[in-house]
Amino acid sequence: MASKRLALVVCISCVCFWLLPSETLIAQTKPPVPAPEKVIIDTDIGDDVDDAFAVGLAFASNEVKIIGFTSAWGDTPLRSQMLDRLLCATGRSDIPVATGIITESKTSFSQSAWAKAGIERQHPDAVTFLLDQVKKNPGQITLVSIAPLTNIGAAIDQDAQTFSKLKRVVVMGGSIRKGYDTRASAGPDPQYNIYSDISAARKLFLSGVPIYLMPLDSTIIPLGEVMREQLFTASTPLTDALTLLYQQWSQSYRLVTPTLFDAVPVAYVIRPELCPTTPLFISVDNKRYTREASGPANVQACLRSDTQQFLQFYMSRLLTQRPAGTEECRRKY
Ligand SMILES: [Ca+2]
């Protein structure tokens, strides 16, 4: 009996010995998984609802590692409070939130009721946070800008050399050949994120940092009723939050169909083929337009996107994610 057991052990050892090299070989031949892209998201979340939909896409995507949020424009402390609540609800309270420069804003903070139900606390300064993170990760950080550019202009003023060590800035902003009215004959318009702080926008365009621009030309992507219903009945902590934010936005702005402007730059970071870019030289004129001019390219601009492809990608991400907050978080809110 003992000799049979010994024979079995020897046999298993032999099998393991012969399996080991092939498993090692498989491990060696697997394509390496690229490291997640380090991103900071500068957002005016709470006014239009597309920022929340954009943040949702980032949460649902392993290709990005969010190393922080900076709140931008208007009531930035309340935006930080809103981000805290959203992070808690989705189990992402590990992500730092920093508060940007408070400005006057004529835009309604449509989701303020949801934001105010969050918990007030002190946050670090956004400009300092951004520059500190760039110093710690030179050449590695993608700044996703989905708000007026005030924090970015201030960061350039404070330390242009450090700012230049960003890997790139991916911006929702501008209007090159098309505007808010998407008919080709209507032409471009001054765009909100640019005209709200023209001085800051000019500083960014002159900064020398690689800029990937997602203007109105490629970001007017409506989220129609059928897809909204799919999202709003998915019953995940993220989609539940988006449902309430959508309802507050819809009631405040008297609108039904949101446009996913800000989700496009986030999608671009994850799947650049969704928004192919063209090199252009862009400047901001005195009438607040982003104009093409002759000169060495200072941006890569996405002038056209495929709405159906984008929405297919977006919905597949949002419908398969399952991030959930902790019990402590559920008690807090
Ligand atoms: Ca925004």
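1. Val144 stands opposite Val170 in strand S5. The pairing concerned is that of strand S4 (residues 141–146) with S5 (residues 168–172), which is parallel and runs over four bridges. Two strands are taken to pair if DSSP finds at least two bridges between them; helices (H or I, at least four residues) and strands (E, at least two) are DSSP runs, numbered from the N terminus.

2. The model is a predicted one, in which local features need pLDDT of at least 70 and side-chain atom pairs count only at pLDDT 80 or more, whereas totals for chains, interfaces and linings use all residues. Residue numbers start from 1 along each chain as its sequence is written.

3. Overall description. The chain has 14 helices and nine strands, and its C-alpha trace spans about 95 × 50 × 40 Å along the principal axes. Of its 333 residues, 46% count as buried. A residue is classed as buried if 20 or more other C-beta atoms lie within 10 Å of its own, as exposed if 12 or fewer do, and as partly exposed in between, with C-beta atoms placed from the backbone. Among contacts in the chain with a separation of 6 or more, 83% join residues 24 or more positions apart; a contact requires C-beta atoms, placed from the backbone, to lie within 7 Å.

4. The sheet. Nine strands form an open sheet in the order S3-S2-S1-S4-S5-S6-S9-S7-S8, and the pairing is mixed. Strand S3 (97–99) and S8 are at the edges with a single partner strand each, so one side of each has no neighbour in the sheet. From one strand to the next the twist averages 30°. Axes here are lines fitted to C-alpha atoms, for helices over the stretch in contact, and angles run from 0 to 180 degrees between N-to-C directions.

5. Strand S7 (residues 277–284) pairs with strand S9 (residues 299–302) in the antiparallel sense over four bridges, and Thr278 has Ala301 of S9 as its bridge partner. S7 also pairs with strand S8 (residues 290–293), again in the antiparallel sense and over four bridges; here Ser283 stands opposite Arg291. Five residues separate S7 from S8 in the hairpin that they form, and Arg288 in the turn has a positive phi of about 80°.

6. Helices on the sheet. Helix H12 (residues 263–270) lies across S1, S2, S4, S5, strand S6 (211–214) and S9, at about 145° to S5. In helix H5, the buried residues are Ala126, Val127, Phe129, Leu130, Leu131, Gln133 and Val134. These buried residues of H5 pack against S1, S2, S3 and S4, and also against H6.

7. Helices H2 and H12. The axes of H2 (residues 50–59) and H12 come within 8 Å and cross at roughly 15°. The two helices are therefore roughly parallel to each other; angles under 35 degrees count as roughly parallel, over 145 as roughly antiparallel, 65 to 115 as roughly perpendicular and the rest as oblique. Their crossing is right-handed, a crossing being right-handed if the near helix is turned clockwise from the far one by less than a right angle, and left-handed if anticlockwise. Asp50, Phe53, Ala54, Leu57 and Ala58 of H2 meet Ala263, Val266 and Ala267 of H12. By class, this contact has seven nonpolar, no polar and one charged residues; Ala, Val, Leu, Ile, Met, Phe, Trp, Tyr, Cys and Pro count as nonpolar, Asp, Glu, Lys and Arg as charged, and the others, Gly among them, as polar. Ten of the ten residues of H2 are buried, so H2 is largely enclosed by the rest of the structure.

8. Helices H6 and H8. H6 (residues 150–163) packs on H8 (residues 198–205) at an angle of about 55°, the axes being 8 Å apart. These helices are therefore oblique to each other, and H6 passes H8 in a left-handed crossing. Thr150, Ile152, Gly153 and Ile156 of H6 make the contact with Ser199, Ala200, Lys203 and Leu204 of H8. Its classes are four nonpolar, three polar and one charged residues.

9. Thr326. This residue is in the loop between helix H13 (307–320) and helix H14 (327–332). Is Thr326 buried or exposed? Thr326 is exposed, with 12 other C-beta atoms within 10 Å. Thr326 and Cys88 are 7.5 Å apart in space, C-alpha to C-alpha, although 238 residues apart in sequence.

Notes. Contact = placed C-beta atoms within 7 Å.
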